[in-house]
Structure formats: C-alpha cells, structure tokens
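Subject: A structure for you to look through

Dear colleague,

I am passing on the structure below, and I would be glad if you kept it open while you read my notes. The notes begin with the overall build and then turn to particular residues.

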Amino acid sequence: MRLKNPELAIFLKAMEDSFSPNDMSVLLLSRFNIKYFTVTGNMEPWPVQVMNVHLYFDQRNTSERLVVALRDARPEVPELSAVADSLGYTVRPSTAGLEVLV
C-alpha cells in the first residue's frame with residue numbers, strides 16, 4: 001500500500017520529529033533485518049534520510065509495515081497512530097461488546 005497526501009506529509013514529519021538516525025538504524029535492523037545505510041546515505045540531511053527510508057518501503061509496496069513498526073516504536077506520537085488508523089491498522093473493540101459489559 002502506498003501512502004498519499006495528506007497522510008504521507010504527516011507521516012514523514014512524524015518520522016523526522018520522533019526519530020534520530022540511530023533510532024531508525026536500530027528499528028530497521030531489529031524489525032526488518034535491514035541495515036540502515038544500505039537504504040540511505042549518512043551524509044544526506046536528516047529529512048532526505050527519512051524520505052529514503054520511506055521510499056525503500058514504498059518501492060516495495062510495503063509502506064504499511066513501516067507505518068506499523070514506527071507506530072509500535074512510538075505509540076505516544078499521535079500522528080503515527082493517526083496514519084495507522086487511516087490505513088485501517090488499528091483494531092478497536094466493538095461498541096456492542098462494551099455495552100454488554102456496562
């Protein structure tokens with residue numbers, strides 16, 4: 001699945017603000033067994049590195065895997081949760097089940 005604006009812009013900004021190159025390196029290696037600097041160059045500005053990471057997944061039609069991994073790594077970042085929600089990757093309990101409990 002490919003992200004499109006406005007979700008793409010929100011997602012990239014949240015990545016840029018919530019992660020560092022070291023954070024991203026650890027996440028990519030631990031979640032996907034991908035070496036960070038095979039995806040992007042360390043001499044690039046941070047926003048370009050963020051874009052390169054996104055493009056790596058986008059070109060493989062696996063952007064949703066990146067969205068979920070980043071949301072799991074930073075659950076307190078509402079923008080990452082919102083993008084995951086917009087893609088349908090958040091499971092919410094049915095309200096009928098909650099009414100029964102009450």
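Helices (H or I, at least four residues) and strands (E, at least two) are taken here as DSSP runs, numbered from the N terminus. Read along the sequence, the pattern of the chain is α-α-α-α-α-α-α, with 7 helices and 0 strands. Please keep in mind that this is a predicted model, in which local features need pLDDT of at least 70 and side-chain atom pairs count only at pLDDT 80 or more, while totals for chains, interfaces and linings use all residues. Residues are numbered from 1 along each chain as its sequence is written, and side-chain values use heavy atoms, with hydrogens and water left out.

Of the 102 residues in the chain, 38% are buried, where buried means under 20% relative accessible area, exposed means over 50%, and partly exposed lies in between (1.4 Å probe, protein chains only). Contact means heavy atoms within 4.5 Å, and among contacts between residues at least 6 apart in sequence, 59% join residues at least 24 apart.

Helix H2 (residues 21-32) and helix H4 (residues 46-58) have axes that come within 11 Å and cross at roughly 15°; the axes are lines fitted to C-alpha atoms, for helices over the stretch in contact, and angles run from 0 to 180 degrees between N-to-C directions. H2 and H4 are therefore roughly parallel to each other, a term for angles under 35 degrees, with over 145 counted as roughly antiparallel, 65 to 115 as roughly perpendicular and the rest as oblique. In this contact, H2 contributes Pro21, Met24, Leu28 and Phe32, and H4 contributes Trp46, Gln49, Val53 and Phe57.

The structure also holds 3 aromatic pairs, and rings of Phe, Tyr and Trp (its six-membered ring) pair if their centres lie within 6.5 Å, with planes under 30 degrees apart counted as stacked, over 60 as edge-to-face and the rest as tilted. One of them joins Tyr36 and Phe37, which are edge-to-face at 4.7 Å centre to centre with 75° between the planes. Tyr56 and Phe57 have ring centres 5.4 Å apart and planes at 75°, so this pair is edge-to-face. Tyr56 is partly exposed at 21% relative accessible area, whereas Phe57 counts as buried at 2% relative accessibility. Phe32, Tyr56 and Phe57 form one aromatic cluster.
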